[in-house]
Structures are given as C-alpha cells and as structure tokens.
Amino acid sequence: MTGLRRVPWAPVVWLALLCVPWLGSRFYTFLATEIAIFALFAVSLNLLLGYTGLVSFGHAAYFGVGAYACAILMKTHGVPFPLAFAAAGVAAAAFALVFGFFCVRSTKIYFAMLTLAFAQIVWAICFKWNSVTGGEQGFSNVPYPDLGWMAAVPGLGALRVADQYFLLVMALTGIAFVVLRRLVDSPFGRMLTAIRENPERAEFVGLNVRLYQIAAFAIAGAFAGFAGALFGIFNRGVFPDFAYWSKSAEVLIMAILGGMGSFWGPAVGAAALTLLNHQITAVTQYWPLVLGIVLVVLLFAFPGGIVGALAAARTRVRARSRA
Amino acid sequence: MLEVRNLRRSFGGVAAIDGVDLAVAAREILAIIGPNGAGKSTLFNLITGHLRPDAGSVRLGDRDVTGMAPHRLCALGVARSFQRTNIFPKLTVFENVQAALIAHRGRGRDLWSRAEGLFRDEAQALLRDVNLLDKADTAGGALSHGNQKQLELGIALAGNPEILLLDEPTAGMSAAETRDSMALLRRIAAERGLTLLFTEHDMEVVFSTAQRIAVLHQGRVIAAGTPEAIRGDAEVRRVYLGDRQ
Amino acid sequence: MLEPSFLVGQALSGLTAAMFLFIVAAGLSLVFGVLRVLNFAHGSFYMLGAYLAWQVTQWLGVVTGSFWLSALGAAAGVAILGGAIERCLLRHLYGKEDLYQLLLTYALVLILGDAARILWGTQQLAMPRPAGLTGSFELAGAVVPYYNFFIIVLGPLIAGGCWLLLSRTGVGRMIRAAAYDREMLAALGADTGRLYTLMFMAGSFLAGLGGALVTPVRSIVPGMDVEIIVEAFIVVVIGGLGSFWGTFLGAIIFGQVLAFGILILPGFSIFAVFALMAIVLIARPAGLLGRPLA
C-alpha cells in the first residue's frame with residue numbers, strides 16, 4: 001500500500017492524459033479538454049470551500065467573466081490569446097475583489113446567498129448587454145488562438161486544431177495547478193486553513209481575517225476566470241448561462257463529489273461529473289434532476305466525496321490488515 | 001502596563017460595564033472575580049477589541065488601544081485565551097502552534113515558500129514548554145479538554161506576548177488538571193516575565209495564584225487589592241454571601 | 001413624467017410587488033427564525049404553488065370560486081410536500097454543519113425544478129384573474145387593477161395575522177421561544193420535532209400561496225423559482241434575518257426601489273435592489289431590524 005502512495009499521481013495522470021490526442025478519437029479529446037478545464041474550475045472553488053471554509057454559490061460568475069473577457073478581446077478587438085487569457089484572469093479577479101469585499105463582511109448563510117446574488121448580477125449583465133456580450137444569443141464564433149507555432153514542434157504539426165488546443169489547455173491548466181498547489185502549501189495556505197478552522201482564534205493570533213478571505217476570493221476568482229477563458233474557446237462560443245447559478249451548482253457539486261478535504265478531490269469530482277453528464281444527457285434532458293439526486297446521496301451517504309470515501313476505505317483496510 | 005479607565009458598555013439599555021477602572025502593573029498577576037453576570041467576559045472583550053466600549057479608554061503602556069481591532073492588538077504583545085477552548089480543531093497540535101507562529105511573525109503573506117517545516121524548532125520548543133510535545137501529531141480536536149487548554153496557551157505564547165489575558169482558564173477542569181494547569185501557568189509567567197490578567201470562579205486558584213485581586217459586581221469594580229485585603233473586605237463578603245451579618 | 005398619476009401608479013405597482021414578495025419572504029424568514037435553515041427551495045415551493053394552482057383550476061373546470069379553491073389547495077399541497085421533506089430529509093441533517101442543510105435545499109431546487117419541467121413542460125402558463133376582481137379603478141389619475149389592490153390589502157392582513165399568532169397565542173410563544181433558544185425549549189419538554197415540521201409547513205404554505213396568487217399577474221415559467229428566492233433573500237437581508245417586521249419593511253422598500261429604479265436605469269432596475277442590499281449590509285450587517293447571527 002505504501003508503495004502506491006509514493007507514486008506522484010498527479011504528474012503521472014497529467015502525462016498520461018497528454019497522450020489522448022494520439023488515441024485518434026475526436027470524442028476523447030473533447031472529453032479530456034472539458035475535464036481538464038472543469039478540474040481547474042473546481043479546484044479554484046475549493047480554495048474557497050475546502051481551504052478557507054467559505055461556501056460560494058456564485059463561483060460561476062468569475063468563470064463567466066473570464067470567458068467573456070477573453071472571447072470579446074480576441075474576437076472583437078483582435079487581441080492575441082496570451083494577452084486575452086491574462087486579461088481574463090485579471091478581470092475575473094477584479095470582479096472577485098469587489099464582490100468579495102462585500103461578501104466577507106457576512107458569514108455562512110448570508111455569505112453564500114450574497115455570492116449567489118452577485119453572480120446573478122453578472123448573469124444579468126451578460127444577458128442584457130447585447131452590444132458587447134451578444135446578449136441572450138451569446139457570443140459565438142470565438143476564434144481558436146493562433147496555434148501555428150505548434151507546427152514547429154515535431155509530432156504536433158500533424159494534429160488537428162482541437163487536439164493542439166487540448167495540449168495548450170493541458171499546459172496552461174498544468175501550470176495553474178502547480179501554482180495553486182504551491183499556494184495551498186505555503187504559509188498563506190496555512191493561514192487560510194486556520195481561518196477556516198476558527199476565525200475568532202485566527203484573528204487573535206494576529207490575522208486580519210477579512211483581508212485573507214478577500215485574497216482567497218480574488219485568487220479563486222482569477223483561476224475560475226482562466227478556466228472560463230479556456231472553456232469559451234473550447235465551446236466556440238460564450239453564453240450567459242456560463243455565469244448562471246446552475247453552473248455554480250455544478251462546480252460546487254464537483255468539489256463536494258470529489259471531496260473538498262483534499263487538493264485533487266475536486267478534480268476527481270470534475271472528471272466524474274463530466275463523465276456522468278455525458279452519459280445522462282445522452283439519455284435524458286433532465287440533468288439537473290440527476291445532479292440534485294447525486295447531491296442528496298452525497299450529503300447523506302458520502303459527505304467526504306469520492307476521495308473521502310476512498311481514504312476511509314483505505315483506513316478500514318489498513319486497520320483490518322493490522323488486526 | 002495595562003490601564004483601563006472609566007470603561008462603559010451597554011447592551012440594549014442595560015449597562016454591562018458601568019465605569020470600570022483597572023490597572024495592571026508589569027509582571028503582575030491580577031485576578032478578576034465576581035459573581036455570575038458581573039461582566040467579566042464583557043470586560044475582556046472590551047479590552048481585547050472584540051467589543052467597542054461606549055465610553056472610557058484602554059491603554060497599553062503609553063499607547064491608547066481603545067477599540068483596536070484584535071489582530072492589531074495582538075501585534076502589540078497582548079495574547080488571550082477564551083472561555084470556550086479556542087483552537088484549530090482539524091489541524092494537528094504542531095500545525096496549531098505553527099500557524100500561530102506564522103501569523104505572529106508576519107509570514108502569512110508568503111505565497112510561495114513551503115510551509116511544512118517552517119518554524120519547526122520554535123514550534124517544538126513551545127510545545128515542550130506547555131508539555132504537549134509528545135502529542136504533536138494529534139489533531140487538536142481529539143485532545144482532552146485539559147490538553148486543549150494547554151494547546152491554547154501554546155498558541156497564545158507563540159506571539160511572544162508581554163501580557164496574557166485568560167478568560168476562566170480552569171473552567172471545566174478537574175482538581176488535578178487545575179493544579180497542573182495553574183502550576184504550568186505560574187512557571188511560564190515567571191520564566192517569561194509575563195503579566196497575567198485572568199478571570200476565575202475557582203477561589204482556590206485565585207487566592208493561590210493572584211498577587212492582586214479585583215472584584216467585579218454589576219459592571220463595577222467594588223474592591224481591588226491583595227488577596228488578604230479582599231478576603232477581609234465586607235463589601236465583597238456581602239456581594240458573594242449575601243447580607244448575613 | 002413626474003405627474004402625480006404616474007407617481008401614484010408606480011408607487012402602487014411597487015406596493016403590489018412588495019406584498020407578493022412579503023408573503024413569500026415571510027415564510028422564508030419564519031422558517032429561518034425557528035429552524036435556522038435558509039431554505040433555498042423556498043422559491044421552488046413558490047413555483048410549485050403557481051403550477052399546482054394552475055393544475056387545480058384545470059381539474060375543477062368552470063366552478064365558482066375556482067381561483068380561491070385552487071389557490072388554497074395549491075398552498076396546502078405545497079405545505080404537505082414541505083412537511084414530508086422536513087420529516088424525511090431535512091430532519092436527519094440538523095445535527096450536522098449548516099453547509100449540509102443549505103446544500104440539501106440546493107439539491108431540492110434542482111430536483112423540484114426538473115420535476116416541474118417534467119410535469120408541466122417549459123411552456124409559459126397563465127391564469128386569469130378571479131371573477132369579481134377583474135377590472136380596475138382610478139386613484140389620483142392612476143389606473144389600479146382591483147386584483148392588485150386586493151394583494152396590497154392582503155399583505156398587511158397576513159402580516160397582522162402572523163403577528164397576532166406570534167405574540168398572542170400559546171403556539172406563538174413556543175415559536176418565539178424556539179427562535180431564541182431551541183435547546184432550552186427542548187429541555188423544557190416541548191415537542192420541538194413537531195414544532196419544526198409545523199413551522200416548515202407554515203413557511204411552505206406561505207410560499208405556495210404567494211405563488212398561487214401571483215399567477216394572474218405573472219406568467220408561470222421555469223426559472224421563476226430562482227428569481228424569487230434571490231428577491232426574497234434580498235428582502236429578508238435588508239429587513240434582517242429573523243425579524244418579522246423587518247421582512248415587511250424590507251419588502252416595501254424593495255418594491256419601491258424596484259418601481260422607481262426603472263426611472264433611473266431602465267432595464268437595469270434589478271441592479272438598484274442589489275445596490276440597496278449592498279448599502280444596507282455595509283451600514284448594518286445584520287439588516288435594518290435584525291439581530292446579528294450568533
């Protein structure tokens with residue numbers, strides 16, 4: 001068992017996923033791209049949920065902001081992808097900073113509902129601002145970034161654009177995960193968990209709790225924005241429902257399904273939920289119903305999510321093998 | 001060291017603290033006692049910035065700290081323990097103290113270093129001081145009540161405070177735990193030259209530990225002095241035992 | 001534009017919206033006050049009240065008083081559903097963290113939303129005004145529909161009725177005691193379990209009633225559940241969670257801001273209420289009349 005533990009799973013999985021384009025299936029590439037993006041989205045939420053103890057019902061707002069920012073810059077203003085991508089993160093972080101400032105003044109339920117209310121504002125803006133966002137119809141024909149440079153790399157030039165984009169997504173999300181991992185393992189990350197455990201005590205060891213919460217909010221928002229930017233291109237179009245509360249519900253359930261007590265839990269949850277989504281929506285349009293049922297089952301039977309259940313099972317196996 | 005002048009605070013028209021004057025000298029051990037509802041916790045909350053006073057002032061040394069936010073007061077050398085044990089339950093004992101050290105040393109803004117081994121030596125020294133080194137890897141929430149109080153003391157000491165405010169430090173403890181806990185406290189206070197201000201119900205603790213005692217009743221200090229003086233004070237006797245004489 | 005008839009018309013329209021919202025938000029506030037649960041699915045109950053009212057009128061056909069029968073029937077139906085949810089699902093999560101209860105109600109929104117879609121489709125449904133309240137009258141030059149006026153009068157009546165119940169009856173005393181300290185109440189031997197179920201049903205009843213009554217004025221459509229829960233939440237926040245009269249006050253303020261916000265930013269009046277909520281929370285984090293959350 002300890003042998004398995006030593007394996008650095010994250011890089012191994014990442015490298016394995018990189019091989020997907022060479023499997024030759026459009027669908028696998030499509031699925032893998034979607035999973036990678038949502039994994040980032042979910043892990044970004046977990047910075048707030050699992051690490052800082054803040055339940056946000058409106059995380060999709062920043063996903064939406066990032067998506068629109070990147071798409072609008074690239075298509076309407078011809079901004080090159082690297083710049084547009086960075087701008088997406090900055091824009092999302094800016095929104096998160098402003099919203100976060102108001103939200104952290106309240107606790108628990110107030111906080112959750114405030115995040116929802118602000119997310120609905122973002123949705124309403126996207127929905128109504130026809131001239132800039134395309135309104136209800138959405139913002140379509142988002143261009144791919146210029147991937148011509150990939151032709152210079154041996155082996156990559158022959159791939160389809162979708163596959164090349166997948167590799168770009170893997171690279172960018174990979175970097176994002178490394179950064180987020182560093183963050184949660186840093187002293188700053190320790191402060192966040194301290195705040196989660198006991199905000200009152202945290203204040204009296206010298207932490208300006210609100211400031212840290214706002215910082216966590218902004219960082220989580222920024223990475224959600226990055227995920228949104230990538231998704232807008234992947235989806236070839238950005239729509240108001242990127243910021244709708246149901247998107248927030250999905251990413252929240254991903255985090256809980258995978259397990260918010262660990263760093264990679266939400267990524268696992270994203271993969272599981274995306275796969276489930278594809279299976280279910282092939283059969284029925286009532287995906288929210290299934291999602292709701294999944295959440296209820298989780299709440300009653302598996303509060304620790306997939307990773308939590310696995311960890312619990314492993315502890316049981318170990319205890320039994322010791323007995 | 002710490003001076004409270006004419007502190008007042010009301011809740012919905014009822015004066016919880018009604019003009020309290022108090023002074024604690026450096027390295028002194030002062031106990032605040034009083035019947036239930038006298039306002040002891042409120043007084044603490046006013047001093048440590050959890051509540052804003054309606055009137056009056058709190059001075060630390062020559063600095064006015066009235067209504068200062070807790071996290072800023074903490075940086076000035078004030079540490080506090082709470083009535084209900086206040087630790088970080090899901091973090092290990094080691095991580096509890098490490099977090100306190102990170103916060104106090106201002107490393108909380110560090111987004112890039114690895115926190116795992118940070119301040120390991122200092123944390124272990126602190127744990128040794130409060131007799132918890134052997135439990136370093138236990139989750140805070142899994143400790144016994146007495147051990148949790150020790151941990152809380154460790155967290156408070158992480159900031160190298162000059163003055164320690166303790167809200168009912170032996171609440172919920174058995175006689176043995178109380179003895180050990182107070183002995184530990186006295187030792188640490190002596191070793192580090194701390195000023196101690198604590199509230200208590202347990203009179204044995206108060207009279208065996210405090211150098212001076214202040215008696216709080218209905219939001220006012222009705223008597224303050226050495227333990228002998230307080231023991232003999234008629235007003236204090238009346239408040240505690242009723243009008244018997 | 002600033003003629004008296006216009007102002008009166010807008011103000012009355014704001015009051016109507018406020019009273020609809022109050023009926024729903026009152027239920028939300030009552031449930032939170034006693035159970036400490038913010039029922040996200042409260043908006044779904046509202047929506048189900050609307051759909052059920054429509055359904056009952058379909059079943060009843062042309063019958064005198066069908067509107068009122070269906071409104072009360074729908075509200076009762078929603079109340080029963082609420083009771084079932086409380087007993088079978090919510091009850092088991094009381095000891096756990098707030099997050100779980102909130103997430104459960106979140107899950108219910110998803111489930112009930114699709115349930116409505118399955119049962120009634122996605123087409124907009126509509127209900128006519130009840131016979132006897134059709135038509136309108138004139139007030140200071142403004143045209144006021146009788147039905148709107150009815151709602152404006154009904155709101156304070158319900159508020160008054162609830163207040164009387166809370167302050168003058170034995171049940172009301174228990175409810176207020178539970179809001180203050182439910183552990184103590186349980187220790188005193190009161191059947192808190194039954195109280196919780198009843199309160200949840202009462203709150204759901206109000207939500208369903210609000211939904212049923214709103215049908216002649218707004219179309220029944222998927223998405224009305226989330227729209228109303230956000231609005232109801234804003235109202236309760238502005239007034240103060242746990243304060244009954246705060247909810248009333250919050251509803252009135254909300255209604256007027258919504259009505260006159262259109263003048264400032266047409267099409268964006270919803271932002272006016274969000275701005276209002278932000279302002280109130282900055283000035284008074286517990287709401288206008290609320291107590292801080294323990």
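Two strands pair if DSSP finds at least two bridges between them. Strands are DSSP runs (E) of at least two residues, and helices are DSSP runs (H or I) of at least four, both numbered from the N terminus. The structure on display is a predicted model, in which local features need pLDDT of at least 70 and side-chain atom pairs count only at pLDDT 80 or more, while totals for chains, interfaces and linings use all residues. Residues are numbered from 1 along each chain as its sequence is written, and chains are lettered from A and ligands numbered from 1 in the order in which they are written.

**First stop: two strands of chain B**

Select residues 78-81 of chain B, which form strand S6, and residues 163-167, which form strand S7; the two pair in the parallel sense over four bridges. Which residue of S7(B) is the bridge partner of Ala79(B)? The partner is Leu164(B). Within S6(B), Val78(B) and Arg80(B) point one way, and Ala79(B) and Ser81(B) point the other way. All four are buried (a residue is buried if 20 or more other C-beta atoms, placed from the backbone, lie within 10 Å of its own).

**Second stop: the largest nonpolar core**

A nonpolar core is a set of buried Ala, Val, Leu, Ile, Met, Phe, Trp, Tyr and Cys residues joined through C-beta atoms within 7 Å. The largest one here holds 285 residues; select Ala42(A), Leu21(C), Val24(C) and Phe254(C), which touch the most other members. Next, colour residues 209-234 of chain A: this is helix H11, which gives the most to the core, with 19 residues.

Now centre the view on Leu21(C). Leaving aside neighbours within four places in sequence, Leu21(C) is in contact with Glu231(C), Ala232(C), Val235(C), Ala251(C), Phe254(C) and Gly255(C). Contact is defined by C-beta atoms, placed from the backbone, that lie within 7 Å.

**Third stop: where the chains meet**

Display chains A and B together: 21 residues of chain A are in contact with 30 residues of chain B. On the chain A side, H9(A) provides the largest share, eight residues.

Then turn to chains A and C, where the contact takes 28 residues from chain A and 31 residues from chain C. Here H6(A) provides the largest share of the chain A side, eleven residues.

Finally, show chains B and C. No contact joins chain B and chain C, and their closest C-alpha atoms lie 12 Å apart.

Technical notes
Buried ≥ 20, exposed ≤ 12 C-beta atoms within 10 Å, placed from the backbone. Contact = placed C-beta atoms within 7 Å.
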